Amino acid sequence: MNALTSRIAHLIRMQGPISVAQFMSMALHDPELGYYATHDPIGARGDFITAPEISQMFGELLGAWIVQAWRDQGCPTPARLVELGPGRGTLVADALRAAKLDPEFLKSIEVVLVEMSASLRQAQAEKLKAAPVAIHWFDKFDESLTDQPLFLLANEFFDALPIRQFFFTERGWCERRVGVGQSGELVFMLSPAPVPLHLPHERGAPKAGDVYEVCPSGEAIVEQVASVVSDKGGAVLIIDYGYTDVGFGETLQAVSQHKYASVLDNSGESDLSTHVDFAALARTAERSGAKAHGPVDQGALLRALGIEQRAERLMAANPDHRDAIASSVERLVSPQAMGTLFKALAIVPRHASKPPGF
């Protein structure tokens with residue numbers, strides 16, 4: 001048992017079992033021992049590789065998408081470009097390079113990166129030291145970012161937000177919690193008393209053993225940014241692995257060095273994530289006064305935005321890298337890779353035109 005697991009176990013002994021959400025928050029974000037405080041998670045030496053790290057085309061196309069959304073809404077000035085969870089800064093660097101094709105866009109925006117990790121902030125600053133606009137960092141999306149039209153990107157951000165889990169039993173819905181076993185190890189258990197839940201009607205009637213996951217912090221963020229888009233204008237593009245059906249199921253997983261690991265063992269040493277409930281995010285956006293489009297498959301979006309044409313131009317300019325470029329496209333759009341597992345959701349004002357790719 002490592003130090004963070006021991007700390008979590010001590011907390012549980014003192015105050016009783018904790019929710020899955022609280023466990024995830026501690027495992028991922030403990031300022032000393034949490035995963036993001038102690039790991040560089042991205043890349044071959046990390047625990048996962050994100051789409052921007054696979055190919056520059058991903059960020060370039062998303063940058064072009066943002067510029068087009070800005071144009072479609074009358075080129076509002078000033079405006080704010082925000083990325084949630086920007087990793088090493090690769091996506092926004094590629095997006096800003098593509099945005100150089102519209103100098104007026106770059107003159108109109110300020111760029112904000114929402115990042116809590118000090119090590120990742122350092123990597124982002126290094127990556128963006130030659131950026132064509134000034135870069136500002138925030139720990140979280142707060143009220144100070146709600147005063148201007150908002151153009152926001154979130155790639156593989158929502159999957160890492162803490163969730164609550166509920167299991168359907170003969171007693172009704174019981175919340176899954178984390179406790180301490182007889183040998184001192186962390187174990188899952190269910191709350192002794194049922195919890196009243198009001199599920200979307202389209203999920204249907206649950207049966208014994210069904211699992212319902214909800215991400216309160218994710219829905220709260222979407223509510224906030226959708227309200228800004230509805231009131232001030234802008235566009236939000238969320239890309240993540242997730243689902244569009246409305247059934248039941250457990251998706252919480254741990255990954256360490258590109259392999260699945262135990263969720264409860266060695267807290268802080270594995271990346272924890274869940275599949276994003278896009279239907280819930282879309283409902284939240286609509287309830288907040290904005291219009292949600294999608295979700296659509298990542299492969300379909302990237303094809304609609306011209307990834308194959310962009311790849312051909314890159315191949316012509318870099319013939320020695322032709323095979324690598326083709327492999328990157330396949331990885332991003334193929335149903336056997338990221339093409340259908342990853343989804344995209346767009347949020348725009350109700351009066352705005354349908355965004356490209358949707």
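A charge sits over a ring when NZ of Lys or CZ of Arg is within 6 Å of the ring centre and within 35 degrees of the ring normal. This is a predicted model, where local features need pLDDT of at least 70, side-chain atom pairs count only at pLDDT 80 or more, and totals for chains, interfaces and linings use all residues. Residues are numbered from 1 along each chain as its sequence is written, and side-chain values use heavy atoms, with hydrogens and water left out.

**View A. Arg176 lies over a ring face.** The ring belongs to Phe188, and Arg176 is 3.5 Å from its centre.

**View B. Trp65 and Phe358 make an aromatic pair.** Rings of Phe, Tyr and Trp (its six-membered ring) pair if their centres lie within 6.5 Å; planes under 30 degrees apart are stacked, over 60 edge-to-face, the rest tilted. That rule gives 7 aromatic pairs. Here the centres are 6.4 Å apart with 65° between the planes, which is edge-to-face. Trp65 is buried at 1% relative accessibility, and Phe358 is buried too, at 17% (buried is under 20% relative accessible area, exposed over 50%, partly exposed in between; 1.4 Å probe, protein chains only).

**View C. Phe157 and Phe158 also meet edge-to-face.** Their ring centres are 5.3 Å apart and the planes sit at 90°. Both residues are buried.

**View E. Three rings gather in a cluster.** Ring pairs link Phe168, Trp173 and Tyr212.
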